[in-house]
Amino acid sequence: MPRKSKKQIFISGLIDENPLLVLILGICPAIMFSTSAVSGLRMGICTAIVLTCSNIIISALKRVIPEQVRIPCYITIIAAFVTLLQMLMQAYMPETYEALGGFLPYTIVNCLVLGRAEAFASRNSVSDSAVDGISMGIGYMLTITLASAVRELLGTGAVFGLPVLSNLITPMSIFVLAPGGFFVIGCLIAVLTKLAGSRIRADKAEDAADEGGQSL
Amino acid sequence: MAGRKNKRGIIGPITVLVSICLMASMLLAVTHQVTMHQIEQNRIEKEAMDMAAVMPEAESFSPAGELELMEGIKAIHIADNGAGYVITSEAKTSDGTITVMTALDQDGKVLRSRITEPSKAAFIQPPAGSALDKALKDCENLARIQFREIKDKLSSPVSRAVYRPETTRRAVIVTEVPRQTAAAYGKEVRV
């Protein structure tokens with residue numbers, strides 16, 4: 001299998017392998033935290049930071065960690081990193097900690113972080129793992145923020161706390177609850193599959209045309 | 001022979017896992033040592049800011065230690081200029097525990113109250129208005145009941161001696177000290 005360039009790794013994390021909509025990783029925190037755009041964005045930021053840093057450390061230690069105990073080792077590294085980040089933020093960025101503090105511990109059990117450690121960081125170089133962490137983190141953050149904004153808009157008529165549709169529609173509180181979360185994320189998956197499907201078909205058609213031209 | 005091989009096969013991974021755990025623990029211990037003072041400083045500053053917000057009439061506060069606090073009461077602070085008291089309490093809501101500071105004047109009348117720490121679950125879904133109002137009311141009532149006890153203790157000559165603002169920066173409420181030792185005790189707590 002040809003090795004992906006850093007640009008390809010970055011793009012795939014955002015769209016082709018979007019963690020939430022394509023790989024279906026990190027659904028539990030996404031449903032739980034996407035009740036408002038602000039909380040979705042905060043959760044996304046926390047996940048992106050932890051994912052990038054844990055990817056780097058796990059990739060650097062991949063030759064040292066034996067196959068049999070890799071999962072406990074990854075969990076230990078991720079948990080240690082989250083706790084470290086929590087302490088540093090509490091000490092030197094108290095305002096940010098106040099805003100993000102409640103979300104940080106949840107990232108330890110986010111299967112996206114463990115999933116990327118297992119699927120990518122343990123098999124690739126440190127720089128590639130860092131790019132993967134950043135792209136997956138940004139992809140997750142954008143998706144969860146979008147899902148949160150839609151849920152908040154339909155559930156309360158506001159986005160980021162600003163009233164947008166308050167007078168136009170009757171807020172449907174089901175969207176703030178878990179079923180609404182599944183519905184919105186399901187719709188986003190459908191939209192991305194449709195868009196990505198048409199893009200893949202266009203790429204295939206281009207390839208076929210190139211092959212046809214070469215054979216002629 | 002096979003058993004020995006298995007043992008060797010297990011020892012390697014265990015050693016690596018234990019080493020990683022030890023390294024993580026050491027890293028966290030060092031970080032804790034480095035950040036501990038700053039975190040404590042931030043906590044004190046936040047507490048002071050919260051107390052100033054809930055009782056702007058007072059310039060500084062002294063903690064009241066060695067008191068039998070009721071269940072749900074976390075701390076009691078006394079305004080150094082005699083403006084009143086700030087009682088920190090906890091209340092349970094459907095979304096978790098919240099921390100509330102209640103300011104009371106010298107007569108025990110609630111001046112203001114304020115949530116200083118929202119529940120952890122409030123990060124996900126802030127508690128509904130009525131539940132929060134009820135929790136705040138619970139905290140105010142708890143503070144009032146606690147105040148009655150403090151008032152009794154402050155009315156004794158010993159406590160008054162200990163609580164003179166100019167002498168009590170680090171004073172401790174003493175309830176059962178013999179009357180003749182009150183003056184001596186007052187001198188002891190002078191800072």
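Predicted model: local features only at pLDDT ≥ 70, side-chain atom pairs only at ≥ 80, totals over all residues.
Residues are numbered from 1 along each chain as its sequence is written, chains are lettered from A and ligands numbered from 1 in the order in which they are written, and side-chain values use heavy atoms, with hydrogens and water left out.

Let me begin with chain A, which has 8 helices and 2 strands, where helices (H or I, at least four residues) and strands (E, at least two) are DSSP runs numbered from the N terminus. Along the sequence these elements follow the pattern α-α-α-α-α-α-α-β-β-α, and the C-alpha trace spans about 60 × 50 × 30 Å along its principal axes. Of the 216 residues in chain A, 45% are buried, meaning under 20% relative accessible area with a 1.4 Å probe and protein chains only.

On one side, β3(B) runs antiparallel to β2(B), residues 73-79, with 5 bridges joining them; strands count as paired if DSSP finds at least two bridges between them. Within this pairing, B:I78 has B:Y85 as its bridge partner. The two strands form a hairpin with 5 residues between them, and B:G82 in the turn has a positive phi of about 80°.

Finally, β3(B) also pairs with β4(B), residues 96-104, in the antiparallel sense over 9 bridges, and here B:K92 stands opposite B:T97.

Conventions. Buried < 20%, exposed > 50% of the residue type's maximum accessible area, 1.4 Å probe, protein only.
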